[in-house]
Amino acid sequence: MSPLNVRDPSSPRLTPIAGRDPEAVSPVAIVWPCPLPVDAYVAAGRKVEVPRPACPSCGEPLVFWSGYWRHVRAGGLAGGRCPKIFVPRVRCGPCRVSHALLPAFVLAWRLDVAETVGAVIGQVAGGACGVRPAAARAGVPYTTARGWVRRFGARAPELGAGFAALAVELGGEAIRPAGQAGRFALAAVGAAFAAAAGLPGWLGLGAWRFASSVSGGRLIAANTGSPFLVAGKRRFMPPVPSAPP
Ligand SMILES: [Zn+2]
């Protein structure tokens, strides 16, 4: 495969396949840069329109292959705060592997949407307030919010380095490591998003959907052994630029 050209939305590069077992279900989801509001995605049900990526291993077109329903929690949704969304699966016949195709507003294995998680992390890691008031504002349990902040803190050096490198690759501002790892990581996410926002399609997604997209949904995943998809070997799917008005 040729290296990713993030400036060319027609050249998606995706998350790697973890195994080659027959009919393997990849534990690494493909995150697509979904620009839809959460309620619009919910309302679309199974009919949600998602891009069809190429196989990250062999480059063959993936085919849609069933899918599953999962809950998502977000504020301000009609029909309850934890509606179900449909997550399509795509499958590569030659590789005999299927992947979940996650919208960028979710993080792998997290109920709450990326914007909620990001708001809490932003406030706490940014030093604006403690976990308890941030959790209350977000309407999530304190222990849940504390878990996010701890995970982000544990991964902060890695995230800071990755996002800072990505920012520079995208022509953005160079961020120097601050004394405090969490603040550095937060600043680096912001700098990378600011740089990406100048490229087609990213601006409307917001910083935390961007962060979910480029981390394969693993921004605060427990498994730190997973590849982090930035800094020179980016394999995330660039967004489809929206049509000019
Ligand atoms: Zn394949």
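**Reading the packing of α2 and α4**

Biologist: Is the crossing of α2 and α4 left-handed or right-handed?

Modeller: The crossing of α2 and α4 is right-handed (the near helix is turned clockwise from the far one by less than a right angle). This is a predicted model, in which local features need pLDDT of at least 70 and side-chain atom pairs count only at pLDDT 80 or more, while totals for chains, interfaces and linings use all residues. Residues are numbered from 1 along each chain as its sequence is written, and side-chain values use heavy atoms, without hydrogens and water.

Biologist: At what angle do α2 and α4 pack?

Modeller: Two packed helices are described by the angle between their axes and the distance between the axes. Here α2 (residues 114–125) and α4 (residues 142–169) pack at about 65°, with axes 10 Å apart. The two are therefore roughly perpendicular (65 to 115 degrees). Helices are DSSP runs (H or I, at least four residues).

Biologist: Which residues of α2 and α4 meet?

Modeller: From α2 come Thr116, Val117, Val120, Ile121, Val124 and Ala125; from α4, Ala145, Trp148, Val149 and Phe152 (contact is heavy atoms within 4.5 Å). By class, nine are nonpolar, one is polar and none is charged.

Biologist: Which residues have the most contacts inside the largest nonpolar core?

Modeller: They are Ile121, Phe163 and Phe210, in a core of 44 residues (buried nonpolar residues joined through side-chain atoms within 4.5 Å; buried is under 20% relative accessible area). Elements giving two or more residues to this core include α2 and α4. Phe210 touches several residues, among them Phe163, Leu166 and Trp202.

Key: Axes are lines fitted to C-alpha atoms, for helices over the stretch in contact, and angles run from 0 to 180 degrees between N-to-C directions. Angles under 35 degrees count as roughly parallel, over 145 as roughly antiparallel, 65 to 115 as roughly perpendicular and the rest as oblique. Ala, Val, Leu, Ile, Met, Phe, Trp, Tyr, Cys and Pro count as nonpolar, Asp, Glu, Lys and Arg as charged, and the others, Gly among them, as polar. Buried means under 20% relative accessible area, exposed over 50%, partly exposed in between (1.4 Å probe, protein chains only). Lists of a residue's contacts leave out its neighbours within four places in sequence.
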